[in-house]
Structures are given as structure tokens and as C-alpha cells.
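Subject: Structure for your review

Dear colleague,

Please find below the structure for your review. My notes on it follow directly after.

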Protein chains: 2
Amino acid sequence: MIQFYSPDILTTRTLPEEDARHCLRVLRKSVGDIVEVTDGKGRRYKCRLMSDNPRKATVEIVESIDVAQSWHTDITIAVAPTKNMDRMEWLVEKLTEIGVNRIVPLLCRHSERKEIKVDRLQRIAVSAMKQSLKATVPDIWPMTPFKRAVAELTADARYIAYCDPSIPRKLLASEYEPQCGSCVVFIGPEGDFDEEEIKLAIGDGYQPVSLGDSRLRTETAALCACDTIHIINQRNK
Amino acid sequence: MIQFYSPDILTTRTLPEEDARHCLRVLRKSVGDIVEVTDGKGRRYKCRLMSDNPRKATVEIVESIDVAQSWHTDITIAVAPTKNMDRMEWLVEKLTEIGVNRIVPLLCRHSERKEIKVDRLQRIAVSAMKQSLKATVPDIWPMTPFKRAVAELTADARYIAYCDPSIPRKLLASEYEPQCGSCVVFIGPEGDFDEEEIKLAIGDGYQPVSLGDSRLRTETAALCACDTIHIINQRNK
């Protein structure tokens, strides 16, 4: 199955140009063919192609399907973007594939990257959503200062993962309560969170955690944290 | 901490040229300084630099440390290499970071990639081992035909993960027995395993598994499978 993406399909009844070209030129669909289109907000539409003009490929909606999210915990990964942007883009693709609700780029004291292009990350998330047959694209926030993220992100369980062994922490894999309603995991930059940041979060109710004995790169840590939640939920259904 | 890699340090007492240049030119170490060197076989050596010639940087071994692996299950990931080699290289890096003992590139009926450069993958694994402060580099096999891999890979638990919903399977996250001695997980190519391959493996005692409801790319599936084992082991220590 190939999914197209048209966030405003309900009002425009049109495929965006890039998707239209793919549909008509690569897949050689023609007027009358049925194509599947998601709005990235949880719905998938079976549509009939009404025009084969790649600049304005109009459709008629035949059926509207509510695509339930396959996981039940609302997951936020708040992560300091890596210096190397490829690694951050890779992370957005992988988090979207395995399932995440929100990605919050954190601006931390030791952040090596202080700016990001949210548009580009969103395009990558849309592409991963289509490829993995989901119908909801994760919400990607703009760069958010650490303190503001601590204050604004609310959830049933909030964790801050770090490397500094001098501040006690437990394994996320043992601390996480299966099937919790919502959770947030903070992942620091290449140089780790600053001690004051860790203490601020803990003071605000964040649980201090580790992801195991391996020294993981930032993007690997963020993916493993998200995966930990899915795997423990799967095992404790 | 920076680790250098010299597989034959015990016999040569010399850093390979690339590591020597990094040590002398980038880190500006000089004669008498202590550097840490791993042999990639589970040992780390504290060494004193005896020469600052980057072509022949000799060392004296001051201390030899046995670096125990931080996980207790011997993990083999047997995976059909992706068409796009970048994705396979990324996978080798990430598996090495989170911890894997053996990577077996599988040649399957639907494989789009039929050849790989093992040397290049080994270099990536060495670099990820150094970066994640491990002292053992995973064993990377040459491309191995599916049938031969089924026959040759022995372990306490063997799993084959696939997408085809017509052949019953259970979640790896629920099937995996914590702290098992050794395990193998098979991950198929972009077009999934062929039905005959799945049946052959099951006939040989492999447990049929799924990695959840998301359609994952090959490299994501392979990483999530390895991570599942680590996370369930961590939770059930």
C-alpha cells in the first residue's frame, strides 16, 4: 500500500503537487483509480482520482477511515539536537517509524546545535509516517529552552536520562510503569545535561534515569528511550 | 576518555597509523603520555607512548584490563542488508553501540542487495566500539545464504521476525525469556522473507515473531529486535 499525504484533503480535495507527481508519473495512476490519502491527523481517506493534472490532481472522497494509533501511551521525546544534523534527521525518521507523539528539540547549556529547521524535520516525519503506514504525524516543536520545556511538558510520568554517575538514577527499563497514560523523556546533548539542569528537573518531579551501561550517542539514547516504552507496553499488555 | 584500537597490540606494541595520527596530531599526545588502547577482543590496555612517530607509534603496556561485556545474553542479529548501503552502515553502528555479539548479513530470496563489503562494515563497528567505550568489536560474517544461516546458527532461543500476517506469530517482546544464554533474531529484506523461508526456519525450531503493529524498515526492525532483548534483560535482572 502507498499512502499520500494531504493535510487539508477535506477542504481542498486535492493532492499536493509532489504527491500528485508521484501518483501520476511514477505509479501511473489515472482518472477513476482509487488512492489512499492521510491527513496526518489520524484519518485515512480512500479517494477516487478525478483529474490527472499533476498541478491540480483533484479527488473525490469515497471512504473515511479512523486510523487508531497502535500504542496507548502518549510519548514525548525531548532531545537536544545533535551537532551533526543527519543524526537528528535520522532520529526523527526512526522515532516516527516506531511511534512517538511529540518531539521537542531542547536547547541546553551544553547544546552544540542552537538552531534547527523545523520544516525540514517535519517533512522527514511525514515521509516516515507514510512509509510506516501511520496516519498521524508527530508534533515537532521549535527549539525550546530547557527550563521552559521542564515547565511546559506535563505527563503522568516524566524522566530525565543522563550519563553523570554522580547523581543517583535508576534504569528507565525498570522504572517505567507499563501502559501509563502519558510520558516524557528528556535526552541531553553530546556533552550531557549540566548538573544544574538535572537538579532543576528532579526538583520539578522528573525521575532521574539511565538507559543502561553502554555510552550511547544522543540520537541512539533518544530512540532507545522511546523503544523502551513500546517494548515494556507490549510485554505488559 | 578516548580509546584507540590496535587488534595486535600484544605482539606489535604499536598503534595503527590512523590511530597514531589522531593521537599525536589531533590530541597532541607526546612521549611518556598514557593512552588507552583496546584489542577489540575484550581487553583494554593502559599504554605509555614510547615514540611520537605517527608511522610507528610504539607503546609500552602499563596495565591490562579485562573489560567485561555489560550484557549477559549472547546476541546474534541475522539481517538481510538493505538496498541502500547507508542504512546498513547506520545499523552496524547502532547495533554496536547498544550491544551485539554477531551480525550475520543474510542472502534471502527477496534480497535486493546480494553483496556487501564486510571490511567497510567492520571499520564502522570498530569506530562505534571505540566511541561507546566497549572493548569487544562484534563479529561480522560475510554474506550468508538463508538456508546456511538457519543451519549454522545455534542458540538457546532463535526467532524469525516477519510481516506476513498469514503465518501466525507472537510478539518478540512477550516471547523472549529474560537472561537467556544466547539468542538469534532473523530480520528479512525490504520485501520480507519468502513464505518457504519462514516455514523452513519454523521447521528448524525458530519461533515466529512480530515486532509490533508498526511497519518498520529492515534496519529499524533489526535495531528494535536487539533493543528488545537488552530492555527485557534490564527489566528482569
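In what follows, a helix axis is a line fitted to C-alpha atoms over the stretch in contact, and the angle between two axes is taken between their N-to-C directions, from 0 to 180 degrees. Please bear in mind that the model is predicted.

With that convention, helix α3 (residues 85–98) and helix α4 (residues 118–131) of chain A have axes that come within 8 Å and cross at roughly 35 degrees. The crossing of α3(A) past α4(A) is right-handed. On the side of α3(A), the contact is made by A:Met85, A:Met88, A:Glu89, A:Val92, A:Glu93, A:Thr96 and A:Glu97. The partners from α4(A) are A:Arg120, A:Leu121, A:Ile124, A:Ala125, A:Ala128, A:Met129 and A:Gln131.

A:Val92 lies in helix α3 of chain A and is buried, with a relative accessible area of 0%. Not counting residues up to four places away in sequence, A:Val92 touches A:Ile103, A:Leu121, A:Ile124, A:Ala125 and A:Ile140. From A:Lys29, A:Val92 is separated by 63 residues in sequence and by 30 Å in space, C-alpha to C-alpha.

The largest nonpolar core here has 84 residues, of which A:Ile77, A:Ile187, B:Ile77 and B:Ile187 touch the most other members. Leaving aside neighbours within four places in sequence, A:Ile77 is in contact with A:Leu95, A:Val100, A:Arg102, A:Ile103, A:Val104, A:Val185, A:Ala222 and A:Cys226.

B:Arg13, although not a glycine, has a positive phi of about 50 degrees. B:Arg13 is found in the loop between α1 (9–12) and β2 (14–15) of chain B, and counts as partly exposed at 35% relative accessibility. B:Asp192 is likewise not a glycine, yet has a positive phi of about 70 degrees. The loop between β12 (182–187) and α7 (195–203) of chain B holds B:Asp192, which is buried with a relative accessible area of 12%.

Yours sincerely

Note on methods:
Residues numbered from 1 in each chain as written. Chains lettered and ligands numbered in written order. Predicted model: local features only at pLDDT ≥ 70, side-chain atom pairs only at ≥ 80, totals over all residues. Heavy atoms only, no water. Core = buried A, V, L, I, M, F, W, Y, C linked by side-chain atoms within 4.5 Å. Buried < 20%, exposed > 50% of the residue type's maximum accessible area, 1.4 Å probe, protein only. Contact = heavy atoms within 4.5 Å. Helix = DSSP H or I, 4+ residues; strand = E, 2+ residues; numbered from the N terminus. Left-handed = near helix turned anticlockwise from the far one by under 90°.
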